[in-house]
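Good morning, and thank you for coming. I would like to take you through one protein chain, contact by contact, and then step back to its overall arrangement.

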Amino acid sequence: MVRGVHKINFQTSKMELKYVGFKDQFATVLAICEIPGFHSFHTEMPVKALRFLQSEGHLIIVGKSTIELFPNSQADIAELKRYHRADLKRLFIGCDILKVEYFDYDGLFFLAVGKKH
C-alpha cells in the first residue's frame with residue numbers, strides 16, 4: 001500500500017532541513033538517478049536515503065552503471081557485472097543487496113534492491 005509519494009532531491013542541502021522529521025519513517029525508498037553527472041549521486045545519495053528508511057526497509061536504486069559497454073565489443077557481460085558488484089556494495093553500505101538487474105537504454109543501467117540492516 002502506498003500512503004504517499006515524496007519527490008526528494010538528495011542533491012540539495014535544503015532537503016536535509018525540509019525532511020529532518022522524516023528520519024526512520026519510510027518502509028521503501030525509490031531513488032532514481034536522472035542527473036547527467038551522477039557521481040555525487042553514487043556517493044552521497046545512499047547515505048541520505050538510508051536515514052529515511054525504517055529498520056528492515058527497502059532501498060531501490062535505478063541508475064547508470066559505472067561501467068560502459070562498447071558497440072560491437074566481445075566483452076563478457078558476466079565479467080562486467082562482477083566488476084560492477086563491488087561498486088554496488090559501496091553504494092548499499094548498511095544494506096543487504098537482494099536483487100540486481102541490468103538493462104540497456106542508451107547505456108548500461110541497473111535496478112538494485114537492498115534491505116536495511
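Leaving aside residues up to four places away in sequence, Phe52 touches Ile8, Phe10, Met15, Tyr19, Phe22, Asp24, Gln25, Phe26 and Val29. Please keep in mind throughout that this is a predicted model.

As general background, nonpolar side chains tend to be buried together in soluble globular proteins.

With those elements named, we may turn to the overall plan. The chain contains three helices and four strands. Read from the N terminus, the order of elements is α-β-α-β-α-β-β. The chain has 117 residues, of which 36% are buried. Considering contacts between residues at least 6 apart in sequence, 58% join residues at least 24 apart.

In what order do its strands lie? The four strands form an open sheet in the order 1-2-4-3, and the pairing is mixed. Strand 1 and strand 3 are the edge strands, each pairing on one side only. On average, and ignoring direction, neighbouring strands of this sheet are turned by 10° against each other.

Strand 1 and strand 2 run parallel and are joined by six bridges. Within this part of the sheet, Leu30 stands opposite Ile60 in strand 2. The pairing of strand 2 with strand 4 is antiparallel, over seven bridges; here Lys64 has Phe109 of strand 4 as its bridge partner. Strand 4 also pairs with strand 3 in the antiparallel sense, over nine bridges, and Ile97 has Gly114 of strand 4 as its bridge partner. Strand 3 and strand 4 together form a hairpin, with three residues between them. In that turn, Asp106 has a positive phi of about 55°.

Seven of its nine residues are buried, so strand 4 is largely enclosed by the rest of the structure.

Is Lys116 buried or exposed? Its relative accessible area is 17%, and because the cut-off for a buried residue is under 20%, Lys116 counts as buried. What does Lys116 touch, setting aside residues up to four places away in sequence? Its contacts are Asp24, Leu50, Leu53, Gln54, Glu56, Gly57, Gly94 and Cys95. With Leu50 there is a particular approach: the side chain of Lys116 reaches the backbone oxygen of Leu50 at 3.0 Å.

Lys116 also brings us to the charged pairs. How many salt bridges are there? The count comes to three.

The side chains of Asp24 and Lys116 form one of them, at 3.6 Å from N to O. This pair links distant parts of the chain: Asp24 lies in the loop between helix 1 (13-18) and strand 1, whereas Lys116 lies in strand 4, 92 residues apart.

Another salt bridge joins Glu56 and Lys115, whose closest N and O atoms are 3.3 Å apart. Here too the pair links distant parts of the chain, with Glu56 in strand 2 and Lys115 in strand 4, 59 residues apart. Both residues are partly exposed: Glu56 has a relative accessible area of 45%, and Lys115 has one of 28%.

There is also a salt bridge between Glu101 and Lys99, with the closest N and O atoms 3.1 Å apart. Glu101 is partly exposed at 39% relative accessibility, and Lys99 is partly exposed at 47%.

Thank you for your attention.

Notes. Residues are numbered from 1 along each chain as its sequence is written. This is a predicted model: local features need pLDDT of at least 70, side-chain atom pairs count only at pLDDT 80 or more; totals for chains, interfaces and linings use all residues. Side-chain values use heavy atoms; hydrogens and water are left out. Contact means heavy atoms within 4.5 Å. Buried means under 20% relative accessible area, exposed over 50%, partly exposed in between (1.4 Å probe, protein chains only). A polar contact is a pair of N or O atoms within 3.5 Å; within protein, one must be able to donate a hydrogen and the other to accept it, and residues adjacent in sequence count only if both atoms are side-chain atoms. A salt bridge is a side-chain nitrogen of Lys or Arg within 4 Å of a carboxyl oxygen of Asp or Glu. Helices (H or I, at least four residues) and strands (E, at least two) are DSSP runs, numbered from the N terminus. Two strands pair if DSSP finds at least two bridges between them. Axes are lines fitted to C-alpha atoms, for helices over the stretch in contact, and angles run from 0 to 180 degrees between N-to-C directions.
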